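Please read them alongside the sequence and the coordinates.

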Amino acid sequence: MDLWFSEFHAPDVKHSIRVNRHLYSGKSEFQQIDIFETPEFGKVLTLDGNVMLTERDEFIYDEMITHVPMSVHPKVRDVLVIGAGDGGVVKELARYESIERIDLVEMDPQVIEACRTYLPENASRLDDSRVHITYDNALRFIRRCSNCYDLIIVDSNDPFGPSEGYFTKEFYGICFNALKEDGIMVNQQGSPFYKHDAEAMQRSHKRIVSTFPISRVYQAHIPTYAAGYWLFGFASKKYHPVDDFDAKKWKNLHLRTRYYTTKLHIGSFYLPAYLEEMLEEVEQENCCK
Amino acid sequence: MSEKTIVDQSRAPIYEALQNFRQMRVVPFDVPGHKHGKGNPELTEFLGEQCVGIDVNSMKPLDNLCHPVSVIHEAEMLAADAFGAAHAFLMVGGTTSSVQSMVLSTCKRGDKIILPRNVHRSVINALVLCGAIPVYVNPEVDCRLGISLGMQREQVAKAIAEHPDAVAVFVNNPTYYGVCSDLRTIVKMAHDAGMYCLADEAHGTHFYFGEGMPVSAMAAGADMAAVSMHKSGGSLTQSSLLLIGPRMNVGHVRQIINLTQTTSGSYLLMSSLDISRRNLVQRGKQVFKKVIEMAEYAREEINAIGGYYAFGRELINGNSIYDFDPTKLSVHTRDIGLAGIEVYDLLRDEYDIQIEFGDIGNILAYLSIGDRPQELERLVSALAEIRRRFQLDGSGLLSQEYIDPEVVLSPQEAFYAAKRSIPLKDSAGMVCSEFVMCYPPGIPILAPGERITQDILDYIEYAKVKGCSLTGPEDPEILNINVLV
């Protein structure tokens with residue numbers, strides 16, 4: 001049998017993964033949820049036909065969105081995670097003993113249920129006593145918070161579906177307001193390569209730059225995402241992601257990682273020229289305003 | 001057996017006729033010249049073959065809007081049944097044409113018509129056309145919100161008593177903000193005095209289908225109602241319905257409509273009315289229930305932000321706010337130190353959110369079945385952010401007050417009279433010969449024939465500074481104004 005899952009990475013580019021079995025298919029109030037078993041990538045979670053995670057490469061995304069801010073902020077106690085119903089980000093966060101509370105806001109309970117059943121390792125730490133799950137629209141949840149969190153991690157789907165609201169200026173604004181005076185927000189920032197993604201990335205970068213005093217972009221190689229090349233946004237009220245980075249302190253935690261290293265931390269903020277240009281373009285528009 | 005008992009609301013005769021027409025593959029040697037789009041490939045590419053293929057002329061199988069005898073007639077009968085009217089006319093010139101047809105059907109030159117001053121410009125335009133004379137009823141103004149309300153019963157009774165020769169009473173049902181007058185009582189007062197009662201229901205289509213809504217004009221016994229199907233009804237922009245009650249003569253109203261309506265009625269518009277009417281009958285109740293729930297939720301959330309006041313049914317006072325349209329999401333913004341128009345501009349420029357309008361003290365977000373909760377969350381969050389980032393001390397803000405107009409001449413006489421253009425700032429004391437209004441909402445600040453006062457000039461200047469879009473005068477910059485010689 002020749003069964004393939006395909007996803008358009010651009011209107012004229014398709015990425016396909018051979019499928020052994022379709023393990024789960026469900027339609028929630030918000031989106032179409034599917035889980036496949038594949039020979040190369042292990043289990044694969046897709047939402048509305050977009051790959052969210054694969055067992056094979058989730059470590060790259062989850063480590064990079066978590067350890068980068070965690071090694072910059074000197075004392076993270078309260079964390080808010082948005083989206084991330086698969087549990088991967090929480091799994092990484094739960095390794096830090098210093099964290100006292102992790103609020104997880106996921107709009108779609110069905111994603112969490114499906115992941116608990118079919119991706120139990122990924123979802124393993126969702127039952128940690130520090131984790132508090134709320135099923136709600138994140139804008140609604142965060143709007144009610146002021147000066148609450150040291151770190152907000154925005155682990156959303158791409159900006160063209162139900163997660164569109166998590167790439168807006170009002171969203172970044174309420175996140176700013178929900179952070180403490182030295183808080184950090186990290187978000188998945190999409191890919192700079194294909195035109196459609198690149199434009200969305202520029203739009204959201206512009207909005208973050210106009211909201212936070214410090215806003216940098218860092219990168220990782222993620223094989224199953226568009227162009228295999230992914231960006232994260234590091235937005236901060238006080239700490240600079242490289243200047244305030246404490247490599248020694250993080251090393252002393254002795255957390256074993258497979259992608260993140262303290263050298264890579266610094267390297268991930270060194271961006272290719274075309275990307276620097278794209279970011280500068282919108283940063284300049286902002287300061288001229 | 002009356003025709004009413006045999007209507008089948010699951011049908012959409014114009015839509016069905018167009019479907020048949022498509023299948024017949026008729027060769028067009030008639031207008032329009034684009035010939036089902038083949039003559040204008042760029043337009044066809046842009047709008048789609050489905051769309052341009054039914055942009056056709058009147059013909060036997062598709063009936064004729066000027067004199068409907070088959071499918072348009074049937075669609076009108078179905079619409080009349082759905083809205084509880086004696087007859088319904090499909091209109092293709094916007095609700096402006098429905099409003100004008102109401103006035104022209106009931107008033108002729110020199111006749112008086114009783115109306116609130118916060119009517120849409122189309123009403124006063126109709127007075128320019130027919131030469132009727134307005135008798136304005138002062139709509140009460142809510143001091144805190146600065147919005148014009150409905151007409152009080154006593155004020156209408158007084159106008160009727162003082163002008164027993166008036167021919168009609170005109171009512172907004174509801175106003176742009178969703179405020180309703182006591183329509184049933186006003187209809188009765190008008191009828192007892194031998195006058196017609198006309199209702200502008202540009203913002204009231206859903207009153208006919210939703211539960212827990214204010215009374216509709218036809219249910220209240222009004223003689224005519226102009227219904228903007230393209231607003232809450234879901235049909236295409238510029239399509240509208242004119243409803244009449246049993247006291248009106250169908251043939252006469254049809255003649256009046258034909259005075260100004262196109263003889264090339266668009267089948268895109270007419271089919272959209274037909275399909276939307278069917279949809280409203282079949283699903284309107286659930287749809288508007290959901291819209292009310294969204295509006296109520298948004299009101300709660302916006303009021304929880306602090307500073308803003310999203311107003312609703314608590315305003316009802318039994319008279320000038322006899323009822324309130326629960327689907328309307330109006331928010332008073334002056335307490336955060338920003339004019340409504342400023343919040344309106346910030347929502348668009350900073351947050352890519354387009355709302356219906358902003359005036360001096362309020363904004364209005366238009367909710368419909370097309371909205372989803374996640375977009376409401378964006379709107380509420382953006383309002384919270386605007387408060388956090390832009391809040392000011394509001395002491396310098398002007399409150400919108402009702403300025404009682406002094407009508408010196410009828411709108412028609414003033415519009416056609418000898419006039420000259422003078423700088424607006426020097427025009428106090430003169431009689432205006434044109435309109436000045438903020439758009440939207442399109443309610444005139446000055447209408448032809450009214451005395452210009454310093455209060456009015458101050459208000460216009462303030463609205464300009466705050467960024468309101470002013471329209472009406474010949475001079476697009478609104479620096480000069482035409483006054484009577």
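1. Two residues count as in contact if their C-beta atoms, placed from the backbone, lie within 7 Å. On that basis, 13 residues of chain A are in contact with 12 residues of chain B. In chain A, helix H4 (138-143) and helix H5 (169-178) each supply at least two residues of the side that touches chain B; helices (H or I, at least four residues) and strands (E, at least two) are DSSP runs, numbered from the N terminus. H5(A) gives the largest share of that side, 6 residues.

2. By residue class, the side of chain A that touches chain B holds 4 nonpolar, 5 polar and 4 charged residues. Here Ala, Val, Leu, Ile, Met, Phe, Trp, Tyr, Cys and Pro are nonpolar, Asp, Glu, Lys and Arg are charged, and the others, Gly among them, are polar.

3. This is a predicted model: local features need pLDDT of at least 70, side-chain atom pairs count only at pLDDT 80 or more, and totals for chains, interfaces and linings use all residues. Residues are numbered from 1 along each chain as its sequence is written, and chains are lettered from A and ligands numbered from 1 in the order in which they are written.

4. The predictor assigns the complex an ipTM of 0.85 and a pTM of 0.86. Chain B has an average pLDDT (the predictor's confidence in each residue, from 0 to 100) of 92, and 96% of the residues score at least 70.

5. In chain B, 7 strands make an open sheet of mixed pairing, in the order E1-E10-E9-E8-E6-E2-E3; strands pair if DSSP finds at least two bridges between them. Strand E1 (87-91) and strand E3 (133-137) of chain B are the edge strands, each pairing on one side only.

6. E1(B) pairs with strand E10 (residues 240-244) of chain B in the antiparallel sense, over 5 bridges. Ser240(B) in E10(B) is the bridge partner of Met91(B).
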